[in-house]
Amino acid sequence: MGQTMEHAEEHGHVVPYRTLIVIWLLLLLLTAVLVYVSTAYHAALSVPALLTVTPLKAGLVFFYFMHLKYEKPFFKGLVILVLGALILFIGLTFADLSYR
Amino acid sequence: MSSVPVPVHPIHKDYQGAKLGMWLFLSTEILLFGGLFLLYSAYRARYPLDFHTGGQHLDTFIGIANTVILLTSSLAVAIAVTAMQKGNRRLTMICLGATIVFALMFLVNKYFEWMAEIHRGIYPNGPALLKLPDGEKIFYGLYYCMTGLHGLHVLAGAAALAITLDFVRRHKITRSDFSKLENVGLYWHLVDVVWIFLLPLLYLAA
């Protein structure tokens, strides 16, 4: 019993079916928004939409489908470190490209 | 002789360690695809019009259909994990099976999409591709590399899901020991996240 308890604790949070379905519906809705904006308003709004809606969708998958919301801070820190490194690479590359 | 007690070794499983290992692997995957996203952004900044024209020729409908397929497959995997945590083995197997079907649907769509491009003469050293301006050549090169590498991940994910389904069937993955299922799920969700970025970059940015 003690062992199963320990496992349950270690295995962390059980995300309810309802939450998962709500997240899925949100992801579909955000996809629809992205498609609508890019077809109806063209370039002016499509780039800002791309830069906000797409990371939001990825965030929903990371936090709820991948249980990151319920993980220990170390896991969150790891993801922030990797994404931070990637953003730094992109930033430095563009800093280089724009002064050529 | 028979009175010697047989030591019972408790099977030690490091769930956090297994999950951390998976997240470390996913970190390398993020940087792998991140490199391609960086390359795309840098060349898009240099050839904005050519990238715009290139994107217009892609089949947006297939891109969106594949997005819906992958998002739904991600939901199925997430439900499979919750079902296993609740001890509903049957639902876990149904959801894993559904995810594999979704993965194959994705790849079939990708096949038709690529074949349409190839018939137009858009492939490495293809006649139509060589006549295009430099920026469009780079766009299609990145298109094939990014969707191709992602497609390989879908294929690998489908294989891993099939093995996982077999583990569940043979009771190798149980309610109290489902790290393998959880980690395959994490991999599949990352494949979904990569596609979430590919859709606007390749199909919608036109």
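User: What makes the pair B:K19 and A:E71 a salt bridge?

Analyst: In this predicted model, the closest N and O atoms of B:K19 and A:E71 are 3.1 Å apart. The cut-off is 4 Å between a side-chain nitrogen of Lys or Arg and a carboxyl oxygen of Asp or Glu, so the pair counts as a salt bridge. The count between chain A and chain B is one salt bridge.

User: Which elements of chain A give two or more residues to the side that touches chain B?

Analyst: These are α1 (2–10), α2 (17–40), α3 (42–65) and α4 (73–97) of chain A. The largest share, twelve residues, comes from α4(A). By residue class, the side of chain A that touches chain B divides into 29 nonpolar, ten polar and four charged.

User: How many residues does each chain bring to the contact, and what area is buried between chain A and chain B?

Analyst: Chain A gives 43 residues and chain B gives 47 residues. The buried area is about 4200 Å², with carbon and sulfur atoms giving 77% of that area.

User: Why is B:S74 called buried?

Analyst: Its relative accessibility is 0%, and the limit for buried is under 20%, so B:S74 counts as buried. B:S74 lies in helix α3 (residues 60–85) of chain B. Leaving out residues up to four places away in sequence, B:S74 touches A:F65, B:W188, B:H189 and B:D192.

User: What makes the pair B:S74 and B:H189 a polar contact?

Analyst: The contact joins the two side chains at 2.8 Å. The cut-off for a pair of N or O atoms is 3.5 Å, so the distance of 2.8 Å falls within it.

Notes: Residues numbered from 1 in each chain as written. Chains lettered and ligands numbered in written order. Predicted model: local features only at pLDDT ≥ 70, side-chain atom pairs only at ≥ 80, totals over all residues. Heavy atoms only, no water. Contact = heavy atoms within 4.5 Å. Buried area = accessible area lost by both parts, 1.4 Å probe. Helix = DSSP H or I, 4+ residues; strand = E, 2+ residues; numbered from the N terminus. Nonpolar A, V, L, I, M, F, W, Y, C, P; charged D, E, K, R; others polar. Buried < 20%, exposed > 50% of the residue type's maximum accessible area, 1.4 Å probe, protein only. Polar contact = N/O pair within 3.5 Å; in protein donor to acceptor, adjacent residues only side chain to side chain.
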